[in-house]
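Q: Could we go through this model together? I would like to start with single residues and then turn to packing.

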Amino acid sequence: MNRKNHLLAILAAVSFILATLTGCGGKTEPDIPQPTQEPIEYANLTDEDSRALLSRLLENAGIDETRIRGLFDRVDQFNASVKSEWLTNGFEIAAPTDTKYDPYEMQDLWAEKNGDFPGYNCRITAFSLFGGFVTAGADQPKTQGEDTLFLDLETQGEDSLFMDLETLAADPAVLCGDSTAKFCALFAPVPAADSTDVVEQAQTLQAGWAARGVAFSDSPARLISVVLHDRFSDTENTLFVGHVGVLLPVEDGSFCLIEKVAFQEPYRLVKLQNRAELRDYLMAKYDTSWGQDTTRPFIMENDSLMAE
């Protein structure tokens with residue numbers, strides 16, 4: 001069995017166990033408060049107005065034209081691969097976790113039209129836009145993290161970077177001249193502290209990035225990362241960027257977040273008044289801590305804990 005099939009078998013087995021534990025017959029924890037889902041305004045970039053807004057904000061943030069054009073090409077590829085009624089018609093208002101589609105039907109239709117190509121996820125999308133504002137050490141290996149399992153916030157299942165690397169191997173142009181070494185230096189899991197304290201874990205992530213030479217240059221655009229703490233065992237204790245997007249300032253002082261929901265789920269442009277709304281939106285979607293004895297998911301803005 002080759003490495004990819006071996007990993008797929010492991011992921012399927014672990015995902016089945018997780019589904020069994022958390023399904024309708026599993027244990028629930030009603031006493032643990034969950035984030036409030038305040039409605040948000042978002043678009044799947046099917047209309048001229050939302051596309052023009054995103055293009056302008058990316059240009060204003062200093063994103064290279066090649067990166068912007070590549071993003072819209074991939075948006076068009078995805079939107080053409082799924083049913084139009086599954087996507088917004090301009091900006092619409094909904095709860096963060098509400099969708100107009102069944103993700104499994106969407107995945108099936110994507111596969112029907114694109115074969116084995118997995119598509120692009122949040123990390124690839126964010127890096128394709130923001131990669132010019134990140135540097136990494138010259139000594140970093142070409143790949144890392146492809147054999148490390150983590151709980152992916154996009155899929156709520158076990159995953160590793162090998163799917164990201166499969167896309168990058170099939171479409172290296174999506175890196176816009178950057179390397180897989182820099183991509184993996186930023187996104188491969190980092191050893192976690194033996195702690196559940198958010199500040200301590202953020203400092204641990206900063207140290208892990210610094211050891212890889214990861215640094216961020218100044219830009220109006222900001223990389224927004226939702227970081228998850230996974231503790232599979234005493235020797236497998238890691239921090240991982242489970243979801244990521246690019247935050248863009250708007251002229252009136254508000255913000256827009258551009259993100260890819262998952263490999264076979266849509267692109268989103270989300271309107272937000274401030275960082276408090278951004279935090280509420282991301283935690284409503286991706287806080288999967290459920291009272292576990294690990295650190296609650298936390299949000300990094302570039303390489304610092306995000307302030308409200």
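Q: What does T294 touch, not counting residues up to four places away in sequence?
A: T294 touches T196, H229 and R231 on that count, where contact means heavy atoms within 4.5 Å.

Q: What kind of model is this, and how are residues numbered?
A: This is a predicted model, in which local features need pLDDT of at least 70, side-chain atom pairs count only at pLDDT 80 or more, and totals for chains, interfaces and linings use all residues. Residues are numbered from 1 along each chain as its sequence is written, and side-chain values use heavy atoms, with hydrogens and water left out.

Q: Back to T294: where is it found?
A: T294 is in the loop between helix 9 (275–286) and strand 12 (298–301). Helices (H or I, at least four residues) and strands (E, at least two) are DSSP runs, numbered from the N terminus.

Q: Is T294 buried or exposed?
A: T294 has a relative accessible area of 12%, so it is buried. Buried means under 20% relative accessible area, exposed over 50%, and partly exposed in between (1.4 Å probe, protein chains only).

Q: Next, the backbone. What is the phi of L45?
A: L45 has a positive phi of about 65 degrees although it is not a glycine. L45 is in the loop between strand 1 (40–43) and helix 2, and it is buried, with a relative accessible area of 0%.

Q: And what about phi of N302?
A: Phi of N302 is near 55 degrees, again a positive value in a residue other than glycine. N302 lies in the loop between strand 12 and strand 13 (304–305) and is buried, at 3% relative accessible area.

Q: Turning to I63, where is its place?
A: I63 is in the loop between helix 2 (48–60) and helix 3. I63 counts as buried because its relative accessibility is 6%.

Q: Which residues is I63 in contact with, leaving aside neighbours within four places in sequence?
A: I63 is in contact with L58, I68, L129, F133 and A221. The C-alpha atoms of I63 and F133 are separated by 9.1 Å, with the two residues 70 apart along the chain.

Q: Now helix packing. At what angle do the axes of helix 3 and helix 5 cross?
A: The axes of helix 3 (residues 65–81) and helix 5 (residues 122–130) cross at roughly 155 degrees and come within 8 Å. Therefore helix 3 is roughly antiparallel to helix 5. Axes are lines fitted to C-alpha atoms, for helices over the stretch in contact, and angles run from 0 to 180 degrees between N-to-C directions. Angles under 35 degrees count as roughly parallel, over 145 as roughly antiparallel, 65 to 115 as roughly perpendicular and the rest as oblique.

Q: Which residues make that contact?
A: R67, L71 and R74 of helix 3 meet T125, F127, S128 and L129 of helix 5.

Q: How do helix 6 and helix 7 pack?
A: Helix 6 (residues 162–170) packs with helix 7 (residues 180–187) at an angle of about 160 degrees, their axes being 12 Å apart. Helix 6 is therefore roughly antiparallel to helix 7. D164, L165 and L168 in helix 6 meet T180, F183 and C184 in helix 7.

Q: Finally, which residues touch the most other members of the largest nonpolar core?
A: They are L54, F183, V246, L248 and I258, out of 67 residues in that core. A nonpolar core is a set of buried Ala, Val, Leu, Ile, Met, Phe, Trp, Tyr and Cys residues joined through side-chain atoms within 4.5 Å. Apart from it lies another core, of 17 residues, among them I40, A94, F255 and L282.
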